[in-house]
Amino acid sequence: MPRLLRALTIATVLGFAATLYLGLFAAGTDIQQGAVQRIFYIHMPAFFGAFTAFGLSLFGGIMVLAGKSADWDKLALAGVEVGLAFALINLLTGAIWARPIWNTWWTWDPRLTSAAIMCLTYAAYLMLRAGFDDTERRRTFMSVYSILGFVTVLITLFIIRIVPETIHPVIVGASPQNAQGSFEATSGVMLALAPSLLLWLTLMPITLMWHRYRLEDRLESLNRAKLKALSE
Amino acid sequence: MKTSYVAAVLAIAGKDLRVELRSRELLSLMLIFALLSILVFSFALELDRVAREEAVSGVLWVTLIFASLLGLNRSLAQEYDQGNLDALLLAPLSRTAIFIGKFAGNALFTGLVALLLLPLMTALYGKNMLDPRLVLTTLVGIAGFCALGTLMATLTVKTRAREALLPVAMMPLALPFLLTAVRATKGILTNATEWQAWFQLLAGVALIYLVLCLLLFRFVVEE
């Protein structure tokens, strides 16, 4: 393992423990919502972690199409897998929060719907990827798909500015009028939120993607060795 | 001799139209499928008068989308299997002209199905589906969907499970169309003013996808 990756891994684990401590113990309990509000310190950062990962996979896709090294495709794949995991964490924690606050696990709210569409898009990426035999063709085609798929990420990010009929609270800026279960981003909230957001936005996706990239690299060289052994 | 851009587009779309006029396979297939789908929805949702008001725009769009998936699959499969795609790529044509030609053919067929479907649904469901605003919404929605579909069908036609993969890969990307088109249709049918906002959103999404697909098409045909 490269020394930098080892350092990043340690930093991510320690950072995650620290942000968990801040969110679970250091931050005050929300007066109206109680302890369940603390899930927010994971919920929103997880979405932005997914945003980083999907953004990097978009970048990888563009680099492949620009005729750069085939290695960028591995970055795109790592981004999709890590981003999908984060997006699922985002959906799951949201559902757990919504159960007591909205009195339902799920509602077909514009923001929830678009987040689910985003997950399905990237799940379809993995299905489609498995359908190609030819690696060179797969590389190009999946890059095209990752560019198209990123549209759903942008829609999820901006949909509450376009379709205001949401009950999903907005923390930064004014919440929509009918938002249910919103709270102020007070200094106490920000103390726990800011480090967590920073961690999920940078260290978490980058470290996990690097590990996934290395795994894909190993798989490839293993396959090459297998083919070589078979041909001899 | 170099074929002009417009002539190339027209030739490709015209070829698809001519093939269809001679075989009459695809359009009748899509149409029968659309009729069956309306029938199935009527039974499955037990559409009484009240439920109909709510569901009719959804029924229209789901039917149109699945009908056009049938056409999209075939349109690209026949190019690919019979080697015509390679011939088109060898010809000194702009890649975007090939895309627009195929897209025009696909959009034309789905559009025709829609134009037959709208009066029929007017008769069956007792709602005025022939409102010019609704016809416009339908055509814009179909144009956007077929742009995405033409690209995605070119992409999935080279996979192992092509017929199965096209809907799986395409539906999540197409959901922005479905969402906005259904809302706009519902707005028009209930005479609500917000149909305009939804229509604008639909047109915006269609435009974004059209441009993206136009730019990305050359990567899925050149290898």
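Me: What should I know before I start?

Reply: Welcome! This is a predicted model, in which local features need pLDDT of at least 70, side-chain atom pairs count only at pLDDT 80 or more, and totals for chains, interfaces and linings use all residues. Residues are numbered from 1 along each chain as its sequence is written, while chains are lettered from A and ligands numbered from 1 in the order in which they are written.

Me: How do you know how many helices and strands chain A has?

Reply: Helices (H or I, at least four residues) and strands (E, at least two) are DSSP runs, numbered from the N terminus. Counted that way, chain A has six helices and zero strands, and its pattern along the sequence reads α-α-α-α-α-α. The C-alpha atoms of chain A fill a box of roughly 70 × 40 × 30 Å along the principal axes.

Me: Why are α2(A) and α3(A) called roughly antiparallel?

Reply: Two packed helices are described by the angle between their axes and the distance between the axes. The axes are lines fitted to C-alpha atoms, for helices over the stretch in contact, and angles run from 0 to 180 degrees between N-to-C directions. Angles under 35 degrees count as roughly parallel, over 145 as roughly antiparallel, 65 to 115 as roughly perpendicular and the rest as oblique. Helix α2 (residues 40-65) and helix α3 (residues 71-101) of chain A pack at about 160°, with axes 7 Å apart. Therefore α2(A) and α3(A) are roughly antiparallel to each other. Sorted by class, their contact has 19 nonpolar, 10 polar and one charged residues. Here Ala, Val, Leu, Ile, Met, Phe, Trp, Tyr, Cys and Pro count as nonpolar, Asp, Glu, Lys and Arg as charged, and the others, Gly among them, as polar.

Me: What is the handedness of the crossing of α2(A) and α3(A)?

Reply: A crossing is left-handed if the near helix is turned anticlockwise from the far one by less than a right angle, and right-handed if clockwise. The crossing of α2(A) and α3(A) is left-handed, whereas that of α6(B) and α7(B) is right-handed.

Me: What makes Asn103(A) exposed?

Reply: A residue is buried if 20 or more other C-beta atoms lie within 10 Å of its own, exposed if 12 or fewer, and partly exposed in between, with C-beta atoms placed from the backbone. Asn103(A) has 9 others within 10 Å, so Asn103(A) is exposed. Its place is in the loop between α3 and α4 (110-130) of chain A. Arg24(B), in the loop between α1 and α2 (26-44) of chain B, has 10 C-beta neighbours inside 10 Å and so counts as exposed.

Me: What is the phi of Asn103(A)?

Reply: Phi of Asn103(A) is near 65°, a positive value in a residue other than glycine. Arg24(B) has a positive phi as well, near 50°. Most residues other than glycine have a negative phi.

Me: Is Gly14(B) buried, partly exposed or exposed?

Reply: Gly14(B), found in helix α1 (residues 5-23) of chain B, has 14 other C-beta atoms within 10 Å and is therefore partly exposed.

Me: Which residues have the most contacts inside the largest nonpolar core?

Reply: A nonpolar core is a set of buried Ala, Val, Leu, Ile, Met, Phe, Trp, Tyr and Cys residues joined through C-beta atoms within 7 Å. The largest has 122 residues, and Leu148(B) and Leu202(B) have the most contacts inside it. Helix α7(B) gives the most to this core, with 14 residues.
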